[in-house]
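I opened this entry to keep track of what I looked up, one place at a time.

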Amino acid sequence: MSDLLPSSRPRILVANDDGIFSPGIKALGLALAEVGDVVVVAPDVEQSAVGHGITIRRPLRFKHTASAGFGDIPAYRVDGTPADCVVLGVHLLGRPDLVVSGINLGPNLGDDLTHSGTVAAAIEGLALGLPAIALSQRSNGGEYDFAPSAAYAARLAREVLARGLPPRVLLNVNFPAGTPRGVRVTRVGEHRWEDTILTRQDPEGREYHWVAGQSTAPDADDPATDYGAVDAGYISVTPVRLDLTARDLLDEVASYVPEV
Ligand code: MN
């Protein structure tokens, strides 16, 4: 929960996984500066799909960066993962009232949540006891207009700062391509990637492998899912709980696990 005093400006930590020079984080940081005191801490290069990796076997650099277009907003780049950025940002710059990650170039829907660096930065906020929002956007024919999404993010951030979120719960927000038809509060769907391994030869004749994949969403037609909402042109807002326990299976599993 936020320990925000009613009279003080909230502190907002902004991170992402596309890197500090991404247009998505620039639009987000500038929009959130209307809501509170923003600090930006982001990877120095793209870290998409690294999940919730934390760098523990080498040192990390935390460098003030004036050239990323944030104006007066303090901005720092880290040679690590999105989660590293949130850990370092919170410990070196002070605890924020809210962690906001994005806006990612491309959606994070369904099973993407398990490998998304955008969502992992928000999860790291939860791990530190902070409310968090992750934001992603589907492209419109390869183009992104982040201004309306960032404005919506600022409105949502105001609500979350005022209301707080339960512990270990984040909001995963996905913007559709083009102008949204509305907003749906959704559940996590089943979007996943059917992995394809492309095997090639390097210039010295040695094999290498490239993991590619086809996107597949078996419940894309279900309007209650995140994928279904974005596919139908709606903003999807999913409350995501970090507790992954399959509670309905506790008794059944207890009935067959071997005793010692
Ligand atoms: Mn990304």
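**Helix H3 and its surroundings**

I began with the buried residues of H3, which pack against strand E1 (11–15), H2, strand E5 (98–105), strand E6 (132–137) and E7. I note at the outset that this is a predicted model. I then looked up which residues of H3 are buried, and the list runs Gly 117, Thr 118, Val 119, Ala 120, Ala 121, Ala 122, Ile 123, Glu 124, Gly 125 and Leu 126. Because 10 of the 11 residues of H3 are buried, I describe this helix as largely enclosed by the rest of the structure.

The N-terminal end is capped by Ser 116, which places a side-chain oxygen 3.1 Å from the backbone nitrogen of Thr 118. After H3 comes Gly 129, and I recorded a positive phi for this residue, near 80°.

**H2 against H3**

I next took the pair formed by helix H2 (residues 82–93) and helix H3 (residues 117–127), whose axes are 7 Å apart and pack at an angle of about 30°. Since angles under 35 degrees count as roughly parallel, H2 is roughly parallel to H3. The crossing of H2 and H3 is right-handed. On the H2 side I listed Pro 82, Ala 83, Val 86 and Val 87, which meet Gly 117, Ala 121, Glu 124 and Gly 125 in H3.

**H1 against H4**

I turned to helix H1 (residues 23–32) and helix H4 (residues 146–163), and found their axes 8 Å apart at an angle of about 45°. That angle makes H1 oblique to H4. H1 passes H4 in a right-handed crossing. From H1 the contact draws on Pro 23, Gly 24, Ala 27, Leu 28, Ala 31 and Leu 32, and from H4 on Phe 146, Ala 150, Ala 151, Ala 153, Ala 154 and Ala 157. When I sorted the residues of the contact of H1 with H4, I had 11 nonpolar, one polar and no charged.

**Asn 174 in E7**

I returned to E7, one of the elements against which the buried residues of H3 pack, and looked up Asn 174, whose place is in this strand (residues 169–175). Leaving aside residues up to four places away in sequence, Asn 174 touches Pro 107, Asn 108, Leu 109, Ser 136, Val 230, Tyr 234, Ile 235 and Ser 236.

**Two loop residues**

Gly 19 lies in the loop between E1 and H1, and at 3% relative accessibility I count Gly 19 as buried. With residues up to four places away in sequence not counted, Gly 19 touches Ile 25, Ala 42, Pro 43, Val 45 and Glu 46. I also noted that the C-alpha atoms of Gly 19 and Gly 69 are separated by 13 Å, these residues being 50 residues apart along the chain.

My last entry is Pro 203, in the loop between strand E9 (192–201) and strand E10 (207–216). Pro 203 counts as exposed, because its relative accessibility is 89%. Between the C-alpha atoms of Pro 203 and Asp 221, 18 residues apart along the chain, I wrote down a separation of 45 Å.

Key
Residues are numbered from 1 along each chain as its sequence is written. This is a predicted model: local features need pLDDT of at least 70, side-chain atom pairs count only at pLDDT 80 or more; totals for chains, interfaces and linings use all residues. Side-chain values use heavy atoms; hydrogens and water are left out. Helices (H or I, at least four residues) and strands (E, at least two) are DSSP runs, numbered from the N terminus. Contact means heavy atoms within 4.5 Å. Axes are lines fitted to C-alpha atoms, for helices over the stretch in contact, and angles run from 0 to 180 degrees between N-to-C directions. Angles under 35 degrees count as roughly parallel, over 145 as roughly antiparallel, 65 to 115 as roughly perpendicular and the rest as oblique. A crossing is left-handed if the near helix is turned anticlockwise from the far one by less than a right angle, and right-handed if clockwise. Buried means under 20% relative accessible area, exposed over 50%, partly exposed in between (1.4 Å probe, protein chains only). A polar contact is a pair of N or O atoms within 3.5 Å; within protein, one must be able to donate a hydrogen and the other to accept it, and residues adjacent in sequence count only if both atoms are side-chain atoms. Ala, Val, Leu, Ile, Met, Phe, Trp, Tyr, Cys and Pro count as nonpolar, Asp, Glu, Lys and Arg as charged, and the others, Gly among them, as polar.
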